Amino acid sequence: MKGLICGAAVLVLLAACTPQPEQAALSVAQPADLAAQSQEFPRSIEVVAPGVWAAIGYGLANSLLIEGSDGLIVIDTMATLAEGRAVAAEFRKLSEKPLKAIIYTHNHADHVFGAQAFVDALSQAGVPVQVLAHDSTAEYVYRVASAYRPILSARSFRMFGTALDDAGFINNGLGPRLAIDADSEFGFIAPNQTFAEGLTTTIAGVELELVHAPGETADQIFVWLPQTRTLAVGDNLYKAFPNLYTIRGTPYRSPKAWAASIDKMRALPVEHIAPSHTRPLHGAERVQTVLTNYRDAIRYVHDQTVRWTNAGLTPDEIVERVTLPPHLASEPYLQPFYGTPRWSVRSVFAGNLGWFDGNPAQLDPLPPAEEAARIVQLAGGVEALKQQLDTALSAGEEQWALQLSDWLLRVEPEDAAVRQQRVTALTRLGERATNPNARHYYLMSALELRDGRRLKPVSAGTPEMLRSIPMESIMTALATNLRAEDSLQMNRKVVIRFPDIEQAWTLWVRRGVLETIPAAHDDPEIDVTVDSVVWKQMLSRQISPAVTIAKDMQFTQGGAVSFSRFMLLFRPVREAPEPAPFAAQGL
Ligand SMILES: [Zn+2]
């Protein structure tokens, strides 16, 4: 999941709101090639090698079981407790031995949040369970409270097609639906044995080599089992072009690091690859070919993008020049069912040079509304531009129609005919897309526009989950919720004490900026004591701020009324981030 997900970390705090997973009808065709990709994850338990199994199709990601002489090891733990329970029950049928270790390949939600279900179902009293991961994995999991959660949640749900019904949804390219929704229960267990570069160990008689391998995530590892020549590659290899950039939004994923991690795998005498998405791969020769093609595709896109970047081309121009050569474009493991070379080109450019494409016209362009007004004028008025939109749609030029509708809706956002034509363009683009992320983003955007949907929030994490999130993450996110325009003349200090975790924090609002200090200031205007979990529940809107402030807070300085007024400075801008070009309107 990729954050919210893979990357699909979809827990939402601080009034983040996300689409509900209720499904809506949208009549669409299903591209045959994407439909065929479903054969890569039929619900099944597959034998990878002697004593190694993969649970495939029980969720977006796989879970792996390794049976040792006197115990079991599980690699990756599904996205929810429900998924974890279903897989653990299948694993129990394969072996009665007790669970001895869990290994997380990386922090994404679909790999870590079902862990407790495996412990509940497979562990034995008196047999401790090691939980192994890279030493940064827990920190990434706790970033579920990060400042970007509202927009990442909304974009993740679009990318994963959460609200599409079975007529619109085919698969996620790497697996079936992402099952995280408002009712999901999570059971992440923090790692108790971590490492930086690598760890060689033996558990239940199984020799294990855990190697840091940054790629799809910075904390990614692979697990090498020399006795069976099996390699668990996490998300650094699956049967689809690698997601060098994910459209839900991500910091830069270094293709050079990813390719280097695959080079480490190529150096091993691998017979079996057990990926955390899609089916296992067998045979030393084929394994070497796939690994080599995979790293070559990554380096090809990276290196050629840098080459054309140095020639002064803009990302829009480079995208048209960098296409995979035939021997890579035809490789079954490089089909664009998850990542795409085109999105990767843009990511390499932005990741190395930042947002400025080098064209001086883009240094400080006209505001979108002003540009739109001038384009409309240039076209001969709104009616003339609408005629162009009609013509584009009739000619099957959906991308051009979409761009025309951008300008028209900037000028007349409520024009029903243009909105309908935009829905048509989005729907057709979605129908045609074989990349599921693109398909879902188009189709979800069409639904949101057609139905005028205001997406409802999913609930935040359980109290246990909230308790585990460091207060520092919560406070950091608060700063980016400050209504600067309402506090430009303000200089106020508020102390919040959390006796249950023996912490006190000062919130100092100073002329449009919140400084958070992990200590109590001497002379605050308001001094309030509250349970740390109640505080997190209030910020995540699981419980009403008004009721919480009145009932669950004790004031030694100031009072409920002034504190309520203070907290209004952090109320959310809007309940659900909308897709462009509507997001900027009506704030
Ligand atoms: Zn994943």
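Biologist: In which helix do Arg374 and Glu370 both lie?
Modeller: Both belong to helix 12 (residues 368-379), where they are 4 residues apart, about one turn of the helix. Helices here are DSSP runs of H or I with at least four residues, strands are runs of E with at least two, and numbering starts from the N terminus. The model is predicted, so local features need pLDDT of at least 70 and side-chain atom pairs count only at pLDDT 80 or more, while totals for chains, interfaces and linings use all residues. Residues are numbered from 1 along each chain as its sequence is written, and side-chain values use heavy atoms, with hydrogens and water left out.

Biologist: How far apart are the closest N and O atoms of Arg374 and Glu370?
Modeller: They are 3.0 Å apart, and the pair forms a salt bridge, meaning a side-chain nitrogen of Lys or Arg within 4 Å of a carboxyl oxygen of Asp or Glu.

Biologist: How many salt bridges are found in the whole structure?
Modeller: The search finds 27. One of them joins Arg286 to Glu331, with the closest N and O atoms 2.8 Å apart. Arg286 is in helix 8 (residues 284-310) and Glu331 is in the loop between helix 10 (326-329) and helix 11 (341-353), so this pair ties together parts that are 45 residues apart in sequence.

Biologist: Which residues are linked in a salt-bridge network?
Modeller: Asp263, Arg266, Arg295 and Asp296 form such a network.

Biologist: Changing topic, where is His106 found?
Modeller: His106 sits in the loop between strand 5 (99-103) and helix 3 (109-112). Its relative accessibility is 0%, so His106 counts as buried.

Biologist: Which side chains make polar contacts with that of His106?
Modeller: Those of Thr105, at 2.9 Å, and His111, at 3.5 Å. A polar contact is a pair of N or O atoms within 3.5 Å; within protein, one must be able to donate a hydrogen and the other to accept it, and residues adjacent in sequence count only if both atoms are side-chain atoms.

Biologist: Leaving aside neighbours within four places in sequence, what is His106 in contact with?
Modeller: Its contacts (heavy atoms within 4.5 Å) include Thr137, Glu216, Asp219 and Asp235.

Methods. Buried means under 20% relative accessible area, exposed over 50%, partly exposed in between (1.4 Å probe, protein chains only).
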